[in-house]
Amino acid sequence: MSVEILIRPCSLADFERLRQIWELSGIWLGASDTPDELEKLRLQNEDTCLVAVVNREIQGCVMGAFDGRRGLVHHLAVHPDFRGNGIGKILMEKLDRKFREKGVVKYSFWIEADNINAVGFYQHLGYELRDLITMSKTIRE
Ligand SMILES: CC(C)(COP(=O)(O)OP(=O)(O)OC[C@H]1O[C@@H](n2cnc3c(N)ncnc32)[C@H](O)[C@@H]1OP(=O)(O)O)[C@@H](O)C(=O)NCCC(=O)NCCS
């Protein structure tokens, strides 16, 4: 299948569709993933929160953020029916270009430990696995 893929910045109105794709993709969603919370991320990172549109419908997305030192990648996902068409790769390439334009030195992301598919995908694209321990504190559920 050859599809025409348009990448554009995400808008507030897209969050409902993004939630569907994330749920179908097994992305863990928590208190930071309501439209209000995501809008805070989007407003600070308008050119790095991206959606992929095929035939006028969103089929993939990635939320990139820059904290002034590091770039962070959240919630890359492609609708299951549209995987294997280069959408994930195009989203990451576009995000990479945007991070470079902003002068980002390094960017990172977390992957659930059992998400072997995502690890393979990212390694294929040239990303390196780091042997780090993640620690966190939940301030509100
Ligand atoms: C990971 C994911 C985003 C990949 O999206 P996709 O659109 O299907 O991937 P693409 O078609 O862009 O693949 C790009 C390249 O990676 C390769 N690739 C894809 N998955 C791979 C894997 N598991 N192992 C090795 N290579 C892989 C493809 O063969 C393709 O190679 P090519 O460019 O040399 O032809 C998609 O599988 C997904 O949404 N998964 C569920 C959500 C998820 O795990 N997100 C990551 C959260 S951290």
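Is Glu57 buried, partly exposed or exposed? Glu57 is partly exposed, with a relative accessible area of 41%. Here buried means under 20% relative accessible area, exposed over 50%, and partly exposed in between (1.4 Å probe, protein chains only).

This is a predicted model: local features need pLDDT of at least 70, side-chain atom pairs count only at pLDDT 80 or more, and totals for chains, interfaces and linings use all residues. Residues are numbered from 1 along each chain as its sequence is written, and side-chain values use heavy atoms, with hydrogens and water left out.

**Salt bridges**

A salt bridge is a side-chain nitrogen of Lys or Arg within 4 Å of a carboxyl oxygen of Asp or Glu. The count comes to ten.

| Pair | Closest N and O atoms |
|---|---|
| Arg8 and Asp14 | 2.8 Å |
| Arg17 and Glu57 | 3.9 Å |

Arg17 and Glu57 form a salt bridge. The pair links distant parts of the chain, with Arg17 in helix α1 (residues 15-24) and Glu57 in strand β3 (residues 57-66), 40 residues apart. Arg17 counts as buried at 16%. Arg8 is partly exposed at 28% relative accessible area, whereas Asp14 is buried at 7%. Glu39 is buried at 14%, and Arg42 is buried at 10%. Glu37, Lys40 and Arg140 are linked in a network of salt bridges.

**Ligand contacts**

Polar contacts pair N or O atoms within 3.5 Å. An oxygen atom of the ligand lies 2.7 Å from a side-chain N or O atom of Asn115. The protein covers 73% of the 950 Å² of accessible area that the ligand has on its own (Shrake-Rupley method, 1.4 Å probe).

Methods. A polar contact is a pair of N or O atoms within 3.5 Å; within protein, one must be able to donate a hydrogen and the other to accept it, and residues adjacent in sequence count only if both atoms are side-chain atoms. Helices (H or I, at least four residues) and strands (E, at least two) are DSSP runs, numbered from the N terminus.
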